[in-house]
Amino acid sequence: MKYALLTLALMLTTGQAAAGDAEAGGKLFAKTCGGCHSIGEGARGGFGPQLNGIIDRPAGTTADYQYSEAMKTSGVVWTRDKLAAYIEDPKSVVKGTRMIFWGISDPEKIENILAYLETFQHE
């Protein structure tokens, strides 16, 4: 028990516990996000913007998508924390966003999606 607690403490301090499962995130992305957003090789804007390299990108800045004024003028930079908040409740992060999405309240699912998005940071 003592070693299990020590391992958990190490995981929490190194961020490993919050890393998420990219494979599970990919499945969830396909089911909940993939109808509007593309990611990976050849991704481009469609009903929603492509999401390659989304982490640390300023909101409303990809050239192949027509963003709402709310998104273009939001001043948001998509840090991991900001993306997590947006996935949970988009309209609370960018008031006036056109994105029609109810949000995801499960922190584990959000972490899994973020882990999946992180695999496409250099696309």
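Here's a quick tour of the main pocket, the nonpolar core and a few residues worth a look. Keep in mind that this is a predicted model. The largest pocket has a volume of about 660 Å³, and the largest nonpolar core holds 28 residues.

**The largest pocket**

- Three helices, α2 (22-32), α4 (80-88) and α6, each put at least two residues into the lining.
- α4 gives the most, with three residues.
- By residue type, the lining splits into 22 nonpolar, seven polar and two charged.

**Thr97, a buried loop residue**

- Thr97 sits in the loop between α5 (90-93) and α6 (107-118).
- Its relative accessible area is 10%, so Thr97 counts as buried, the cut-off being under 20%.
- Setting aside residues up to four places away in sequence, Thr97 touches Ser68, Ala70, Met71, Tyr86, Pro90 and Lys91.

**The nonpolar core**

- As background, nonpolar side chains in soluble globular proteins tend to be buried together.
- Here, the members of the largest core that touch the most other members are Trp78, Val94 and Leu117.
- α2, α3 (69-72), α4 and α6 each supply at least two residues of this core.
- The largest share comes from α6, with five residues.

**Where α2 meets α6**

- The buried residues of α2 are Gly25, Gly26, Leu28 and Phe29, and they pack against α6.
- On the α6 side, have a look at Ile113, which belongs to that helix.
- Ile113 is at 1% relative accessibility, so it is buried under the 20% cut-off.
- Leaving out neighbours within four places in sequence, Ile113 is in contact with Gly25, Leu28, Thr32, Cys33, Ile87 and Ile104.
- Ile113 and Ala24 are 89 residues apart along the chain, yet their C-alpha atoms are separated by 7.7 Å.
- At the start of α2, a side-chain oxygen of Asp21 comes to within 3.0 Å of the backbone nitrogen of Glu23.

**Ala43, in another loop**

- Ala43 is found in the loop between α2 and α3.
- With 18% relative accessibility, Ala43 still makes the buried class because the cut-off is under 20%.
- Not counting residues up to four places away in sequence, Ala43 touches Ser38, Gln50, Asn52 and Asp64.

Note on methods. Residues numbered from 1 in each chain as written. Predicted model: local features only at pLDDT ≥ 70, side-chain atom pairs only at ≥ 80, totals over all residues. Heavy atoms only, no water. Helix = DSSP H or I, 4+ residues; strand = E, 2+ residues; numbered from the N terminus. Buried < 20%, exposed > 50% of the residue type's maximum accessible area, 1.4 Å probe, protein only. Contact = heavy atoms within 4.5 Å. 1 Å grid on protein atoms, 1.4 Å probe; cavity = no way out; pocket = protein on both sides within 12 Å on 5 of 7 lines; lining within 4 Å. Points joined across faces, edges and corners; volume = space filled by probe spheres on them. Nonpolar A, V, L, I, M, F, W, Y, C, P; charged D, E, K, R; others polar. Core = buried A, V, L, I, M, F, W, Y, C linked by side-chain atoms within 4.5 Å. Polar contact = N/O pair within 3.5 Å; in protein donor to acceptor, adjacent residues only side chain to side chain.
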